[in-house]
Amino acid sequence: MAEQRQDKAALISETRRRFEAEYLPDKSDKYDSRDVERLQQDDKWVENYLIWRHDVVDDTLKMIDESFQWRKEYTVNDLSESVLPKWLFEIGALFLHGYDKEGYKLFWFKVKHHTRDPKQQLDKKKLVAFWLEHYAKRDHGKPLTVVFDMAETGISHIDLDFVRFIVNCFTDYYPNFLTKIVIFEMPWIMNAAFKIVKGWLGPDAISMLKFTNKNDVQEYISGEYLPPHMGGTDSFKYSYPPLVDDDFQTPLCENGPITSEDEHESKEEIDADTKEAGELNEAQNLNQKKMNSIEQISKSEETDKTEVKPKIAKKALTTFKGPLLHISPAEELYFGSKEIGEKKCLIVLTNVTKNVVAFKVRTTAPEKYRVKPSNSSCEPGTSLDIIVSLHGGFAASLQDRFLIMAAEMDQSSGAGVPELTQFWKEVPRTKVMEHRLRCHVIESSKPSSLCSNSNLMKLIYFQLTHLLQINRRLEEQMNHCLWFQQLSVVLSLLSVTVAAFCFYLAYAQRS
């Protein structure tokens, strides 16, 4: 494994070196300087180019050259809602919504809303680039699944030039960005057209084509993300504005739903969550009074056992380092399956600014999860724990996502619920940091027992990561204590020096 990482690092280094030596001197005016800078800094981006060209550096460099020239031609880095015609967004031919069964985002192309028009072709191509760039920046280049919904289409909707452009985006411009292409109910009259399309695809991309109908489309996409005409139950209706963005909603917090942001929760459920939170806080306060820093580790282990293991399911070895908050874990929340039974996860937020940072947590499945707290603030230089718990009999799924939004507050702003509500209404979108987390479900091969070797190793591993997280927090506290201790010593020495000097002056005057 270590050798593979070293080999990959060597390929990344060679790619950068050769691009700078062989391509950049003669073509710098054909590239956007922001792309060149990103190539030098973003290892994952370079690695994706290498993966998409099977680690052949020559082919990788050709792809980078071609994609960079395309990116500048289409002004990809500057594409936004304001520079594209509003009607393009309103017709709803292209949008992101939902996830396939493997947890990959769905990029929908509603073919019936597309008509051939040479005058509009460039704007439509830029719309494709806008969506792909929007998602690539938002989710750090995670691959997606393309869905061609060809229901109610005919020969008048065939536009091979536009289809070829979409294909080229994935084969030539966005490396390692495609998992599969799901084609739903392709009319027989289009068979000849798609034989041409197959000729544009390489052997790897051809294997990604999945021709489906109402009977088998759920092999790839579950019914909850399929509209009724595809045999699903998704009631989502595209509309614009605003821009469709994952349908994140506010989950329920310990005191029930945030005012005007959540609709469904019975009083009994709210009371149960409030009682649970109160018991948790009371137990923590008692233990804090009785135990020193070493005993707190033991207390945390016992809490995991007695309170449905709220922290056992986290994987905190990785941390997302944002400009306002460091967020741990960085990418995934680990939940157990129904058989394993882990129902809670821990998210740790650390404020790395000098101001108070307001945050709120949203999810694509608000009916499943309770988040405590879901809308609050974090003081400068401090860390805060967020408990995410599954509610009732619900189980986590790969399609579930969480969105953490954060923004700096003025020193004069209050941190109460009314102040936070008003703050989120007024804060500019450009000043909001966003980070997304996906769910990972740990399956059990032996539902009746947690003592199998694999599950035991997982539990031990999660427990160790939990202890490492606590150890990190303790180290931070110790560093603060040491700093104050050193300051106290310096001040004491300074005081002694001043006193000695005064004594010396008094003695000298008497003499």
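Strands β7 (residues 325–328) and β9 (residues 344–351) run antiparallel to each other and are paired over four bridges. Two strands count as paired if DSSP finds at least two bridges between them. Helices (H or I, at least four residues) and strands (E, at least two) are DSSP runs, numbered from the N terminus. Ser328 has Val348 of β9 as its bridge partner.

Both strands belong to an open sheet of five, ordered β6-β7-β9-β13-β11, with antiparallel pairing. β6 (320–321) and β11 (369–372) are the edge strands; each has a single partner, so one side of each lacks a neighbour in the sheet. Strands of a sheet pair through backbone hydrogen bonds, either parallel or antiparallel.

## Model and confidence

This is a predicted model: local features need pLDDT of at least 70, side-chain atom pairs count only at pLDDT 80 or more, and totals for chains, interfaces and linings use all residues. Residues are numbered from 1 along each chain as its sequence is written, and side-chain values use heavy atoms, with hydrogens and water left out.

The pLDDT (the predictor's confidence in each residue, from 0 to 100) averages 79 for the protein chain, and 78% of the residues score at least 70. Over residues 254–316 the pLDDT is below 50; beyond near neighbours in sequence, this stretch has 93 contacts in the model. A contact means heavy atoms within 4.5 Å. Residues 445–452 also stay under 50 in pLDDT, and the model gives them nine contacts beyond four places in sequence.

## Ile347 in strand β9

Ile347 sits in strand β9. Its relative accessibility is 0%, so Ile347 counts as buried. The cut-offs for relative accessible area are: buried under 20%, exposed over 50%, partly exposed in between (1.4 Å probe, protein chains only).

Leaving out residues up to four places away in sequence, Ile347 touches residues including Ile327, Ser328, Pro329, Leu333 and Asp385. Asp385 is 38 residues from Ile347 in sequence, yet their C-alpha atoms are 5.9 Å apart.

Most residues other than glycine have a negative phi, and most peptide bonds are trans. Ser328 and Pro329 are joined by a cis peptide bond, with omega about 5°. Pro329 is in the loop between β7 and β8 (332–336). A cis bond also leads from Lys372 to Pro373, with omega near -10°. Pro373 lies in the loop between β11 and β12 (375–378).

Two residues other than glycine have positive phi values: Asp55, near 65°, and Glu152, near 60°. Asp55 is in the loop between α3 (43–52) and α4 (57–73). It is partly exposed, at 33% relative accessible area. Glu152 is in the loop between β3 (144–149) and α7 (160–173). It is exposed, at 63%.

## Cavities

A search of the whole structure finds five cavities of 30 Å³ or more. A cavity is a set of points, on a 1 Å grid over the protein atoms alone, where a 1.4 Å probe fits but cannot get out; lining residues have an atom within 4 Å of a point. Grid points are joined across faces, edges and corners, and a volume is the space filled by probe spheres set on the points.

The largest cavity holds about 130 Å³ of space. Its lining has 15 residues, of which Met150, Ile158, Asp159, Val163 and Phe194 are the closest to its centre. Helices α7 and α8 (191–200) are the elements that give two or more residues to this lining.

How values were computed: 1 Å grid on protein atoms, 1.4 Å probe; cavity = no way out; pocket = protein on both sides within 12 Å on 5 of 7 lines; lining within 4 Å.
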